[in-house]
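Subject: Structure for your review

Dear colleague,

Please find below the structure that I am handing over to you. My notes on it follow directly after.

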Amino acid sequence: MKLSALWIAIEVGGTVAFAMSGLIEAMRKRMDVVGVFSVAFVSAFGGGTVRDVLLDRRPLFWVEHEAYLWLVLAMVLTAPWWLQVALRETGARLMTVADALGLGLFAISGASIAVAAGMSPLVSVLMGATTAVVGGVARDVLCNEVPQIYRDHRPYALCAVAGSAVFLALAALGLAGEWASAAGVAVATGTRLLAVALDWQLPGWGIRRS
């Protein structure tokens, strides 16, 4: 299944954003170059790989587009020069922005590919959320952290769901693909950044004891 230039651009943007989040976390853990590449690779490709497996899509997106591998490798090899400066200037904020941007881009990528594969709106939204969150979960596990999606009570997966739903709704209403995609990315990324900035909390789930 061939993707348009728009979807490829979205996928490249998500790959770069999540690879950067993986690089930041791996360098914080003071990993060697193999560890840094592994974390960046899993962060960038984990969600899309699970999506492609669930949709029985072959070859996997990073196998079909080998340039993605070279892009992540180039980011890893040059990270000691550009990322050290960036971390000194922005610290955790860069990690938050990169993660939120990757969340939005991959949510729309996953949802759009599911739609192209003939999936229902509900399955397409879930594919968008899966594509968006799995890479971050794998990144945190490799870095010996409880995944952010489970320890951070601020909305994360729900932001990906919201962005995917907005994208599908606008596309169904006949809005041009690039505008529907931009709106979906803006909703997913924007709500995540607002959740962090305003400390929005999801309600607890459980049985209250009397």
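I begin with the aromatic residues: Phe37, Phe41, Phe45, Phe61, Trp62 and Tyr68 are joined into a cluster by ring pairs. Please bear in mind throughout that this is a predicted model. Seven aromatic pairs are present in the structure. One of them is formed by Phe37 and Phe41, whose rings are tilted, with 5.9 Å centre to centre and 35° between the planes. About one helical turn separates Phe37 and Phe41, because they are four residues apart in helix α2.

As to the overall architecture, the chain has nine helices and zero strands. Its elements, read from the N terminus, therefore give the order α-α-α-α-α-α-α-α-α. The chain has 210 residues, of which 44% count as buried. Among the contacts with a separation of 6 or more, 75% are between residues 24 or more positions apart.

The peptide bond leading from Arg58 into Pro59 is cis, and its omega is near -5°. Asp56 is placed in the loop between α2 and α3 as well. Although Asp56 is not a glycine, its phi is positive, at about 55°. Asp56 counts as exposed, with 61% relative accessibility.

Asn144 is not a glycine, yet it has a positive phi of about 60°. With a relative accessibility of 70%, Asn144 counts as exposed.

Two residues of helix α6 may interest you. Helix α6 covers residues 121-142 and contains Thr130. The side chain of Thr130 reaches the backbone oxygen of Leu126, at a distance of 2.8 Å. When residues up to four places away in sequence are not counted, Thr130 touches Gly47, Val50 and Leu54. Arg139 also has its place in helix α6. Is Arg139 buried or exposed? At 1% relative accessibility, Arg139 counts as buried. Leaving aside neighbours within four places in sequence, Arg139 is in contact with Phe18, Ser21, Gly22, Glu25, Val39, Val42, Ser43, Met95, Asp99 and Gln148.

Buried in α8 are Cys159, Ala160, Gly163, Ser164, Phe167 and Leu168. These residues cover an arc of only 165° around the axis, so they are on the same side of α8. Following α8 is Gly174, whose phi is positive and near 95°.

Helix α9 (residues 177-198) has 22 residues and should span 32 Å at 1.5 Å a residue; the distance between its end C-alpha atoms is 31 Å, which agrees. Which residues of α9 are buried? They are Ala180, Ser181, Gly184, Val185, Ala188, Thr189, Arg192 and Ala195. Seen down the axis of α9, the buried residues fall within an arc of 145°, and therefore line one face of the helix. Trp179, Ala197 and Leu198 are exposed, on the other side of α9. After α9 comes Asp199, with a positive phi near 55°.

With kind regards

Technical notes. Residues are numbered from 1 along each chain as its sequence is written. This is a predicted model: local features need pLDDT of at least 70, side-chain atom pairs count only at pLDDT 80 or more; totals for chains, interfaces and linings use all residues. Side-chain values use heavy atoms; hydrogens and water are left out. A polar contact is a pair of N or O atoms within 3.5 Å; within protein, one must be able to donate a hydrogen and the other to accept it, and residues adjacent in sequence count only if both atoms are side-chain atoms. Contact means heavy atoms within 4.5 Å. The expected span of a helix is 1.5 Å times one less than its number of residues. Buried means under 20% relative accessible area, exposed over 50%, partly exposed in between (1.4 Å probe, protein chains only). The arc is that of the directions from the helix axis to the C-beta atoms. Rings of Phe, Tyr and Trp (its six-membered ring) pair if their centres lie within 6.5 Å; planes under 30 degrees apart count as stacked, over 60 as edge-to-face and the rest as tilted.
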